[in-house]
Amino acid sequence: MSMATHPAGDKFRHEAMFYSGWAEFVSGTVPFIKQGVAAGEAVLVVESAQKIDVLRSALDRDADGVMFADMAEVGANPARIIPAWQDFVRQHGQSGRDFRGIGEPIWKGRTADELVECQRHESLLNVAFGTGRPWLLLCPYDVENLPAEVIVEARRSHEFVVEGMSASHSELYRGLEASGGRFDSPLPEPPADVRHIVFDADSLLSLRRHAAGFAVSNGLSARRATELVTAINEVASNSILHGGGTGSMRMWRDASGLLCEISDAGVLDKPLADRTRPGSATRDARGLWLANQLCDLVQVRTLPTGTSVRLHLYLDARPHLHVVEDGPSAGGRPTR
Amino acid sequence: MTRKPDGLRFAGEIDIANSDAVGASLALAFPVVGDPHLDVSRLSFCDISGIRAIVQAAGALAPGRRLLLHGLPDQLETVMKVTGWSDLPTFELCHCGEEKT
């Protein structure tokens, strides 16, 4: 299929699909999937396990031509979603086959910190794919269960919106360049008594000792504490090597788990730096990538004065999986 | 680093403060022929730069030679897996178990 005939047009087409209730979810996604299957495209759907069940039933035999992945696993940490799409794109880009996808990273049970990272993720999708091969990515938004400001932000991060049966250009879309602009959305401040620990190359070892002690005494298992210390060490090493030779660390605990923030005077100007899968070249950067694979959430902020990286490790290892999605109420669940 | 009759052993912790020295010492200490052995079972911590030094040393071996890693601790294994360095053809993980005694 030539690029000119691709349903996405000549570039990546990122659409937000607003739905309310199961019936709208199904009517907004199933024809999109069936169209891809009928055209012989590779189709990947990253949704909740419950929605995957619903889609499988609605698609019937067409489901055989679709790949499904559980967003609660793929996107528990939203910075892992772009690499998953990149794997998909790379795989099918090589075969020459066209492809499309559905991804719903934002749901009602997301924490406030996760939500803001999901929103950044939605913008970064434009950066990751906006200049590559054309393909379609449809992002369902549950307007019934999400706050109005989340829907407004979806209009900023998506070039197109689908409402009802019609797709249109989003007038609020921030554009490709701003999608990867400096991310300085302020993070909630820790309690005032949390102290800064200043470190440099000579004190990395004692920084690790301190972090390990804090992690274990606050209830992290030995394995998770080691993972956190490994991530902290890499982020702190970045401060030493690229952030002016020194940095400062704060650790504290909140209702979700342990938090650790490392700040330095460096400037991080690559918007996808924390979610780019390292290649085989040994010099490729790997520190922030590692942090995102080992931590439940990583929040990178670039300010005129420097860079901050906040790592989250939940004490309850996978809180997402305990959030039972009650689903939209209007229309009820479709019958099988 | 200590030298055993059949190879090398690292103990302690490797981070950006000493990984350059690790890489340099590995290159010098490898035997001229045969596959070098490296016992890492007593490494209590190794960061990306340390594993990079080991990977680079393994990659610099003549074609057909491999670095045999013994006693990989969980922490090193995690870093190698996450960074995509666990499946390189230039080294092999040995699970003979004898080096942990």
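Author: A crossing of two helices is called left-handed if the near helix is turned anticlockwise from the far one by less than a right angle, and right-handed if clockwise. Residues are numbered from 1 along each chain as its sequence is written, and chains are lettered from A, with ligands numbered from 1, in the order in which they are written. This is a predicted model, in which local features need pLDDT of at least 70 and side-chain atom pairs count only at pLDDT 80 or more, while totals for chains, interfaces and linings use all residues.

The pair is α4(A), residues 81-95, and α5(A), residues 112-129, whose axes come within 10 Å and cross at roughly 30°; helices here are DSSP runs (H or I, at least four residues), numbered from the N terminus, and axes are lines fitted to C-alpha atoms over the stretch in contact, with angles from 0 to 180 degrees between N-to-C directions. That crossing makes α4(A) roughly parallel to α5(A), a term for angles under 35 degrees, and α4(A) passes α5(A) in a right-handed crossing.

On the side of α4(A), the contact is made by A:I81, A:I82, A:Q86 and A:V89, and α5(A) brings A:H121, A:L124, A:L125, A:A128 and A:F129, where contact requires C-beta atoms, placed from the backbone, to lie within 7 Å. By class, this contact has seven nonpolar, two polar and no charged residues; Ala, Val, Leu, Ile, Met, Phe, Trp, Tyr, Cys and Pro count as nonpolar, Asp, Glu, Lys and Arg as charged, and the others, Gly among them, as polar.

How values were computed: Helix = DSSP H or I, 4+ residues; strand = E, 2+ residues; numbered from the N terminus. Parallel < 35°, antiparallel > 145°, perpendicular 65-115°, else oblique. Contact = placed C-beta atoms within 7 Å.
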